[in-house]
Structure formats: structure tokens, C-alpha cells
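Here's a quick briefing to read alongside the structure. Take a look at the model, then work through the points below.

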Amino acid sequence: GLFTKSPPPLDKLMSEIVAAILEKCCSSPKSTLKSKAVEYLTLLSEAKAGADIVYENVNQILSTKSCAANVAKSSLQAITQLLNLFGSSVFPVTTILPSVAGYAVSTNASLKNEAMNYIKEAHRWEEEHTIKTINSLK
């Protein structure tokens, strides 16, 4: 029958939706779609479980070496905005900063700029950890 198969766990479903939003909508050339995507991620992040899903997906995208530049750039923009709104207690910089720091030395100027914007925001929230991570890259 119609209901014999159990639905996928909600976390898995949310994670797939967030991944699609980050990969397809946030990196869209259409500004309306981009702003609605970030608005949705912001609303989702108001709940701790939603923020965790957003954070995990951004971290996964940024730690993937074969990530498309436009997807990495839009993910950096989104996580920087979310860090600014919610702070490091919701979006801790410790896990994601090493991946972001790798983009700070990118040859792609816009990607490098977005990484630097995130690092500046991270520094505002967790100065000591940010400085340690940056110094370890030298």
C-alpha cells in the first residue's frame, strides 16, 4: 500500500534539502533565488537542530576538494552571514575555519575575498582561535 514504506528520517531529509539549497539556490545567478535561499537558511538556523544541519552541510561542501568555485563562494557567503546573525555559539568557527583558510589563498579573487570575509567575522567572535589557525598556515 501507500504507507507500507517508512519515510526517511527527518534529519536526513533536511540535510538533503539544505545541501540542494546551498549547491543550487545560493549559487544561482538569480538574485531573488539567492536571497530567498539565504532567508530560508536563516529561518532554519533559528532552531538548534536546523543550525546544526546547515553547519554540517556547509562544512562538508567547503572541505570537499572538488567543490565548484561558485558553490564554495556562495556557501562562504551564507555561513558568514549566519555567523554574523547567530554568533559562534550556534556556528562554531573551530571546525570550519581550517577549510575556509584554504580558500583564503585561492587564486580565484572572489573566492579568496569571501574566505577573508568569513575569517574577519570569525575573528570578531573567536579572536584567539582564529589567530592560531591563521598562524598555523604560515
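Which residue forms a salt bridge with glutamate 121? The partner is arginine 124, and the closest N and O atoms of the two are 3.0 Å apart. Keep in mind that you're looking at a predicted model.

**Salt bridges**

- The total for this model comes to 5 salt bridges. In general, side chains of opposite charge can pair when their charged atoms come close.
- Glutamate 121 and arginine 124 both sit in helix H6, 3 residues apart, so about one turn of the helix lies between them.
- Arginine 124, at 53% relative accessibility, counts as exposed.
- Lysine 12 pairs up with glutamate 16, with 2.6 Å between the closest N and O atoms. They're 4 residues apart in helix H1, which means about one helical turn separates them.
- Lysine 12 is partly exposed, with a relative accessible area of 46%, and glutamate 16 is partly exposed too, with 43%.
- Aspartate 52 is partly exposed, its relative accessible area being 27%.

**How H2 meets H3**

- Helix H2 (residues 31–45) packs against helix H3 (residues 48–62) at an angle of about 130°, and their axes are 6 Å apart. Because of that angle, H2 and H3 are oblique to each other.
- On the H2 side, the contact comes from Leu41, Leu44 and Ser45, while H3 brings Gly50, Ala51 and Val54.
- Sort the residues of this contact by type and you get 4 nonpolar, 2 polar and no charged.

**The largest nonpolar core**

- This core has 37 residues, and the ones touching the most other members are Leu41, Phe91 and Tyr118.
- Helices H1 (10–25), H2, H3, H4 (69–86), H5 (93–103) and H6 (109–125) are the elements that each give two or more residues to the core.
- Leaving out residues up to four places away in sequence, phenylalanine 91 touches Ser45, Ala51, Val54, Tyr55, Ile79, Leu82, Leu83 and Phe86.

**A buried asparagine**

- Asparagine 59 lies in helix H3. Is it buried or exposed? Asparagine 59 counts as buried, because its relative accessibility is 17%.
- Its contacts, not counting residues up to four places away in sequence, are Thr95, Ile96 and Ser99.

Conventions
Residues are numbered from 1 along each chain as its sequence is written. This is a predicted model: local features need pLDDT of at least 70, side-chain atom pairs count only at pLDDT 80 or more; totals for chains, interfaces and linings use all residues. Side-chain values use heavy atoms; hydrogens and water are left out. Axes are lines fitted to C-alpha atoms, for helices over the stretch in contact, and angles run from 0 to 180 degrees between N-to-C directions. Angles under 35 degrees count as roughly parallel, over 145 as roughly antiparallel, 65 to 115 as roughly perpendicular and the rest as oblique. Contact means heavy atoms within 4.5 Å. Ala, Val, Leu, Ile, Met, Phe, Trp, Tyr, Cys and Pro count as nonpolar, Asp, Glu, Lys and Arg as charged, and the others, Gly among them, as polar. Buried means under 20% relative accessible area, exposed over 50%, partly exposed in between (1.4 Å probe, protein chains only). A nonpolar core is a set of buried Ala, Val, Leu, Ile, Met, Phe, Trp, Tyr and Cys residues joined through side-chain atoms within 4.5 Å. A salt bridge is a side-chain nitrogen of Lys or Arg within 4 Å of a carboxyl oxygen of Asp or Glu.
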